[in-house]
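Please read them with the model open.

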Amino acid sequence: MRHDAHGWWIEEAGPPPPLPPLAGDVDTDVVVIGGGFTGMWTAWHVLEADPGARVVMLEADRCGFGPSGRNGGFVQSMTLSRPTLHELFGVPGGDELVAASEDSVRAIGAWCEAEGVDAWYHAAPHLIVFAAPGQEDKFGVPGEGVVALDATQVRARCDSPLFTGGLKAAVGATVHPARLAFGLRERLLARGVRIHERSRVRALDGAVARTDAARVRAGAAVVAVGPASGALRPLRDRLTVSSSHIVLTEPVPDVVEAIGWTGGEAISDGRTLLHYLRTTRDGRILFGWAGGRMAAGARTGGRMAIDAEVIARARADLVRFFPALAGRRVDRAWGGPIDVSPTHLPFVAPLPGGRAHAAFGFTGNGVGPSHLAGRALAALALGRSDAAARLPIVGPPPRVPPEPLRVIGAAAIRRALVAKEAAEQDGRAANPLARALAALPERMGMHIVR
């Protein structure tokens, strides 16, 4: 099994040649900092609204090489969060956000078709499966757009011996994330966006972005750097950084066929530190676990990208879910950081000076909502007050505890959740301390991962 910080998706897609870094001062209308999905969708939406706008994008590494190009490729809406959204934003605001997020899932597929980008977009329901005792208790009565499934119905779609029931969200899809990212990059270049890779922004003053070599003076700035957002002083107490890891099998079309998983559904289980799984076009099974360690501050490297202990746990759980995979090869393993907001929702927040906004807090569900956040960021950058600029996620999220309390507390809760959910998986009672610590985030109105 090969461990690779960049993941299999990027290699399979064949990354394009790097673009030259920023070498001289530039004036522009909008500067976008970050070349992942959020930044690139923002640039796209700016040009859709104002085709004559000048847009410059600055990426510290290469576009699509961060979490955007190495995630599970789940294109999810916020439908399953409808009850939480009602509590946070009221029924009209919550329903508006769900509808907008579902529109984004469909819009990504429409964009791929219109632009001729083969990103393996496949529309299929998103399944939440109950794979251990007690997982069904975490979900209330299914709301609009969500259907309860019994064990027979779930296992008709994907036959794991662990599945005892679940939920089906009708609007969902999967993609090849790196192909989507590289396709976006190519289309933006064709529309005249100036993209500079290997151009890390060292300072942002209003809407003036400075790299080691030059600066970009803009009318408005957008910061779309995901888990690295905590490096900005105004955002340090607005998010926590966790990690998630993936193992990918060799092609196993025989197993996929035998378990009846032929509809291409994206699946996650009912854990807090969830497992997520899908098939690929070439018959592999991708299996991830969002149980990685917590990062101090905004650190996104090291064990955030490759954690052998977490990878080993994910590999063992893969076979537990699908015993037919015992003895089959796991080809690749990789991981990446997750920007976790206190509400489990992304936010678009203003930055000091009034000319810049940042989006962050996708909490492992960024492929679909990044399109929606990009709409809001584009509207704000252009000074418009349309529906996207007024979405309920526009505004700063609640605060999280400062460092070092944040990482110490989050790490303790993460260990408690791992212990509690392992006990539930084995049919044992978790120890009282683990149960108490695991319950703290919900009592505080916060989320660690889910």
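1. Start with strand β6 (residues 126–129), which pairs with β15 in the parallel sense over four bridges. Ile128 has Ser268 of β15 as its bridge partner. Helices (H or I, at least four residues) and strands (E, at least two) are DSSP runs, numbered from the N terminus. Two strands count as paired if DSSP finds at least two bridges between them.

2. A word on the source. The model is predicted: local features need pLDDT of at least 70, side-chain atom pairs count only at pLDDT 80 or more, and totals for chains, interfaces and linings use all residues. Residues are numbered from 1 along each chain as its sequence is written, and side-chain values use heavy atoms, with hydrogens and water left out.

3. β15 also pairs with strand β16 (residues 275–279), here in the antiparallel sense over two bridges. The two form a hairpin with five residues between them. Ile267 has Leu277 as its bridge partner in β16.

4. Are the faces of β15 covered or open? Both are covered: Ala266 and Ser268 on one side, and Ile267 and Asp269 on the other, are all buried. Buried means under 20% relative accessible area, exposed over 50%, partly exposed in between (1.4 Å probe, protein chains only). In a regular strand the side chains alternate between the two faces of the sheet.

5. Look next at Trp261, in the loop between α6 (253–258) and β15 (266–269). Trp261 is buried, with a relative accessible area of 1%. Leaving aside neighbours within four places in sequence, its contacts (heavy atoms within 4.5 Å) include Arg157, Cys158, Ile267, Leu277 and Phe322. The C-alpha atoms of Trp261 and Arg155 are separated by 8.9 Å, though these residues are 106 apart along the chain.

6. β13 (residues 215–223) runs parallel to strand β2 (residues 26–33), and seven bridges join them. Asp27 stands opposite Arg217 in β13. Three bridges join β13 to strand β20 (residues 356–360), also parallel. There, Val222 stands opposite His357.

7. β13 has an antiparallel pairing too, with strand β12 (residues 208–210), over three bridges. Ala209 stands opposite Val216. β12 and β13 form a hairpin with four residues between them.

8. Last, an open sheet of three strands has the order β4-β9-β5, with antiparallel pairing. β4 (74–76) and β5 (122–123) stand at the edges with a single partner strand each, so one side of each has no neighbour in the sheet. Three bridges join β4 to β9 (residues 172–174), and Val75 stands opposite Ala173.
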